[in-house]
Amino acid sequence: MLRGPLLFRQSLLARTILAHGFATHKEKPANVKRPSTAYQLFAFENRALVVAEYPDIKGQEITKALSNKWKEMSEDEKSSYKKTYKENLKIYNAPLAKLPKKPPGTFGLFVKENYSKEARLLPEAKLTEVMKALSNQWNNISNEEKEQWKQKQEEMKEEYKEKVISFDEGLTPEERGFLEEKRGPKMRQLAKEKSKLLGRPKRPLTAYIIFVQKNIRGMESPTGSTAVERIQTLAQTWNNMTSEEKEEYVVESRQAFEQYQKDVAEWKEKHPEAA
């Protein structure tokens, strides 16, 4: 039975999936300026005419006069503005639509594909109630059915990976510039994912991290001490060590970094598009 925080999280999951088509709370839309609406285009074009027609009005009165004129216009008169808005919106959305969207998890996929159907069966139900019904359905389906959903989700993940690797190859310079300006964090995330999928070598550990890894498990610590407290103790030990005592860790880190640089150079030659 769903209760409290669990039900809330699943409700939030549903909202995210239904609104954006993916299940992640980390990704937040950037503050992208959308094209002007049909009315805004009309107002920009006709503001000077209204001011000339009514020289004594100012501020909100001008806005009200423009709004009244817009309301009095026929659909034919508005059509050119609406057409321009739709054309601008299509151009605006074109590069954004090329960004790969991470698929939801297995349960999220089940929710996405069944929510509308369940909501129609429960027209008076709140979102939380629909989610509760879907959760009960999920809990009652067989392991074989869950495995099918899992397999479908795995296929979507593979498709997503392929899109991550290839999506930027088809971007025009203008589209790339637009996306880097409007979806900078997302573009950097995708570039990082692409490098990882293409096997970019991982940056080696620092001398200090090597020291911690080699000493944390074998160190004597007071009963009940936490991992954080043990790391703090090791940090103090590291800070008090001489250069000679640190040398073995520094050498190991330096050698690993030299190999890393060679591996990255080879990787960049193999994958210049992701370098």
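**Exercise 1. Find how the axes of helix α10 and helix α11 cross, and classify the angle.**

Solution. Take α10 as residues 207-215 and α11 as residues 227-240. Helices here are DSSP runs (H or I, at least four residues), numbered from the N terminus. This is a predicted model, and local features need pLDDT of at least 70, while side-chain atom pairs count only at pLDDT 80 or more. Residues are numbered from 1 along each chain, and side-chain values use heavy atoms, without hydrogens and water.

Next, compare the axes, which are lines fitted to C-alpha atoms over the stretch in contact, with angles from 0 to 180 degrees between N-to-C directions. They come within 10 Å and cross at roughly 125°. Under 35 degrees is roughly parallel, over 145 roughly antiparallel, 65 to 115 roughly perpendicular, and the rest oblique. α10 and α11 are therefore oblique to each other.

**Exercise 2. List the residues of α10 that meet α11.**

Solution. Contact means heavy atoms within 4.5 Å. From α10 come A207, Y208, F211, V212 and N215. Their partners in α11 are I231, L234, A235, T237 and W238.

**Exercise 3. Describe the ring pair of F42 and W70.**

Solution. Rings of Phe, Tyr and Trp (its six-membered ring) pair if their centres lie within 6.5 Å; planes under 30 degrees apart are stacked, over 60 edge-to-face, the rest tilted. The whole structure holds 15 aromatic pairs. For F42 and W70, the centres are 5.3 Å apart and the planes at 45°, so the pair is tilted. F42 sits in helix α2 (residues 38-53) and W70 in helix α3 (residues 60-72), so the pair ties together parts 28 residues apart in sequence.

Notes:
Helices (H or I, at least four residues) and strands (E, at least two) are DSSP runs, numbered from the N terminus.
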